[in-house]
Amino acid sequence: MKEFGFQWHITNLCNLRCRHCYQSDFTDDDDLSTDINKHIIKVISGHLTDQAISVNVTGGEPLLRPDIFDIFDQLDDTVNFKEYNIITNAIPLNEKKIKRLETCTKLRQVKISLECSDSELNDKIRGKGSFKKIMFNFELLKKLSTKQKVLMFTLGSYNYRSTPAMLDFSEKVGADAVILERFVPQGQGEAMKEHFLKKEEWHDVINAVITFAGLDAHPNDLIMYRAFYIDLNKNKDVHGAFCNLGDESMALMPNADVYPCRRTPVKIGNILSDDFGDILIRLKLLRESFDKSLKGKCGSCAVSGCIGCRALSHALTGDLYEEDRQCYLGK
């Protein structure tokens with residue numbers, strides 16, 4: 001069965017002000033009502049009846065929505081929603097919320113954002129005292145929940161050297177998996193624009209993944225991946241994440257606007273005012289335009305299926321079609 005996966009930014013409201021955040025608005029001004037969000041779930045489900053749907057519910061901080069469990073219940077009750085995960089900074093968690101999460105039948109993973117395994121470096125990005133609070137609730141999750149616990153790290157020039165320590169730390173504290181993503185300077189993060197991972201730094205990160213997982217691979221073999229998911233329960237099994245721009249994914253914003261991905265802020269449509277079928281066609285056409293019109297070395301790339309990172313190109317140059325400055329292949 002064909003699958004459709006999307007990231008649902010269900011609120012901009014957040015209790016933190018992380019320096020690298022792609023948001024610039026941290027209010028709930030764009031939040032839709034419980035009933036409208038349930039309607040959105042029905043719209044997506046109704047258009048994708050022959051597909052299995054998965055969603056990462058995030059924000060902002062999704063656990064700040066008082067109705068978040070009503071929305072999770074709707075996801076649980078919608079047949080072709082296969083699974084969902086929550087991406088959280090974990091600070092709003094408590095014993096009551098963790099026990100409620102345990103009742104969410106299709107909730108598979110609780111993904112917790114960190115910046116580093118070093119509390120001082122983490123707190124420089126996420127705020128004083130955040131590391132201690134996050135890890136306290138991580139331990140509470142381990143004690144009270146059977147859901148998979150995943151640690152997520154966003155890498156920039158400010159922390160990439162600690163990648164080996166982050167991977168070792170994730171294994172040591174008993175995470176089920178670890179995710180490595182890349183900083184893209186948008187929103188509040190534009191003030192740190194110079195800290196995007198340079199191509200040599202991204203090369204070092206990939207080398208760290210290869211070493212940690214014991215892969216028989218060269219960094220060039222993994223150049224097409226935009227992020228990594230390492231399953232710590234399955235012998236450090238590495239899953240590389242391709243850029244999935246197109247009609248198999250999207251980012252859904254709090255006001256129901258649709259972007260190709262959260263870091264590619266080009267509005268495709270709005271689920272409440274546009275036909276969702278038309279939105280899917282626009283997503284497909286945008287992907288096809290990348291396959292035909294990329295510039296520089298991306299336009300002549302021999303790596304099958306790779307379009308570089310359109311979000312990073314846009315953030316650095318304002319042009320979605322410029323070459324990917326993070327690619328270390330060629331000149």
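## Basis

This is a predicted model, in which local features need pLDDT of at least 70 and side-chain atom pairs count only at pLDDT 80 or more, while totals for chains, interfaces and linings use all residues. Residues are numbered from 1 along each chain as its sequence is written, and side-chain values use heavy atoms, with hydrogens and water left out.

## Pockets

The search uses a 1 Å grid over the protein atoms alone: a cavity is a set of points where a 1.4 Å probe fits but cannot get out, a pocket is an open set with protein on both sides within 12 Å along at least five of seven lines, and lining residues have an atom within 4 Å of a point. Grid points are joined across faces, edges and corners, and a volume is the space filled by probe spheres set on the points.

The largest pocket has a volume of about 1400 Å³. It is lined by 47 residues, and Gln 7, Asn 56, Ala 241, Phe 242 and Asn 244 are the closest to its centre. Strand E1 (residues 3-9) gives the largest share of this lining, five residues; strands (E, at least two residues) and helices (H or I, at least four) are DSSP runs numbered from the N terminus.

The second largest pocket has a volume of about 300 Å³. Among its 20 lining residues, Tyr 22, Ser 24, Tyr 259, Arg 262 and Pro 265 lie nearest its centre.

## Cavities

There are two cavities of 30 Å³ or more. The largest cavity has a volume of about 460 Å³, and of its 28 lining residues His 20, Cys 21, Tyr 22, Ser 113 and Arg 126 are the closest to the centre. Strand E5 gives the most to this lining, with three residues.

The second largest cavity has a volume of about 30 Å³. Its lining includes Met 224, Arg 226, Phe 242 and Cys 243.

## Helices H1 and H2

Helix H1 (residues 34-47) and helix H2 (residues 68-77) pack at about 20 degrees with axes 10 Å apart; axes are lines fitted to C-alpha atoms over the stretch in contact, and angles run from 0 to 180 degrees between N-to-C directions. H1 is therefore roughly parallel to H2, a term for angles under 35 degrees.

In the contact (heavy atoms within 4.5 Å), H1 supplies Thr 34, Asn 37, Lys 38, Ile 41 and Lys 42, and H2 supplies Asp 70, Ile 71, Gln 74 and Leu 75.

Note on methods: Parallel < 35°, antiparallel > 145°, perpendicular 65-115°, else oblique.
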